[in-house]
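Hi,

Here is the structure I promised to pass on. Have a look at it, and my notes follow below.

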Amino acid sequence: MGENITASSARAVALEVLIACEKRHAWSDSALSASIRRAGLSGRDAALASRLCYGVQQNRLLLLYWLEHLCRVPMERLELPIRLILEMGLYQLAFLDRIPAHAAVDESVKLARAQSKNPRSPGLVNGILRSFLRQKDTIPAPDSLSVRYSHPQWLVDLLQDEFPEGTLEALLQANNGQPATVIQVNTLKTDGAALVRRLEGEGVTVEAHPFLPDCYQLSETGDLSRLASFREGLFQVQDAAARLAVLAAGPQSGMTVLDACAAPGGKSFQAAMEMKNRGSILSCDLQVKKLSRIREGAERLGIGCITTRAMDGRVFQPELEGKFDLVLADVPCSGLGIIRKKPDIRYKEPEPLERLPEIQRAILDNVSRYVAPGGALLYSTCTVLRRENQEIVSAFLSGHPDFHLEAFSLPGVGDCDGMQTLWPHLHGTDGFFMAKLRREI
């Protein structure tokens, strides 16, 4: 990442978001989008702010490990902004080799001067960062995967159960990577070639997705909502994993489809495109306020086959029984497959995650009643834990002999036996699980 005239603003935005995450427990993705918009950052400046914010969170335990070797002041005694400025400075020095070391140090000192009333803070920041430059090759490497890849030990232990011995490190490393922004062409309005021309004309770097048709990867985007091509509904942002899940489900023109846990609407929109906007999609969510976002997205994309309804996926609605050719159930989950995009997920408390399988089972049991004879049900999550994925599906099949797994084939993945887990380090997608279930006629 090169330096530019407004890089100081980018660093200030990143610091503002990191403080919000610590003080108010804000989610970094939404806080970052709002702060970038308020500051008017675009392109490279927005990318720098994002990289600093996410990079610090992705590497926090390692950065604190280094700080404890370099700083005589206990971490709990440092002012929060100063500790975060040090983390940002260390991250730049260790991971962003396109930023000159002197710029990373000088800009960190300026931030400290602006953020702290303690006259010693700028000197402290300057001294610690310069010490790191001198000592970085001699600081002992951390022994544990937890510190090396900044995944809390409880999470490392949990994920270890999912992997053969010695293979977990590749996933932890991928979780700290920089995922591309993936978009799906709105084939109801345009085609890939025309969209690429528009995006390049708007200053966006575009490359074709390595295995998904009508999908592209963007860089140097800034706030996508500022683009005329976005406002005109020529594309939607959607990770390849979610697109693959819809392809596995196989929506066709004229179908009746229920998206039982639809917000923010991506799978409903993708299904509508696959259906060529013919048929009907009922997009539901527990929270009424989220439905307006689905309606707004459908209007932007020119989709007319979607209607919305507030509905608890666990509560039976008799009038929907047996009405749908296809039911999508992308259930609430731990989100451990999207740590690349929401790095702060790893620092949340683990206890609430233990209650999720009960909710997932209840939703799957209930929405299965809405599938018409001969229809299909796609169960999916954005996590990689067997207890939220394979174990839920296996238990469901044991209690529902009128359903069976149905094989499918996916681009970039190949033939699947009815259940498929996608991995960041293997498929380059979000961590994701899908199972396709067919109801007997």
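The crossing of helix 13 and helix 14 is right-handed, a label used when the near helix is turned clockwise from the far one by less than a right angle. This is a predicted model, where local features need pLDDT of at least 70, side-chain atom pairs count only at pLDDT 80 or more, and totals for chains, interfaces and linings use all residues. Residues are numbered from 1 along each chain as its sequence is written, and side-chain values use heavy atoms, with hydrogens and water left out.

Ala242, Arg243, Ala245, Val246 and Leu247 of helix 13 meet Lys267, Gln270, Ala271 and Glu274 of helix 14 (heavy atoms within 4.5 Å).

Now the strands. Helices (H or I, at least four residues) and strands (E, at least two) are DSSP runs, numbered from the N terminus, and pairing takes at least two DSSP bridges. Strand 6 (residues 280-285) pairs with strand 7 (residues 306-310) in the parallel sense over 5 bridges, with Thr307 as the partner of Leu282. Strand 5 (residues 256-259) runs parallel to strand 6, joined by 4 bridges, and Leu258 stands opposite Leu282. Another 3 bridges join strand 5 to strand 8 (residues 324-330), also in parallel.

Best wishes
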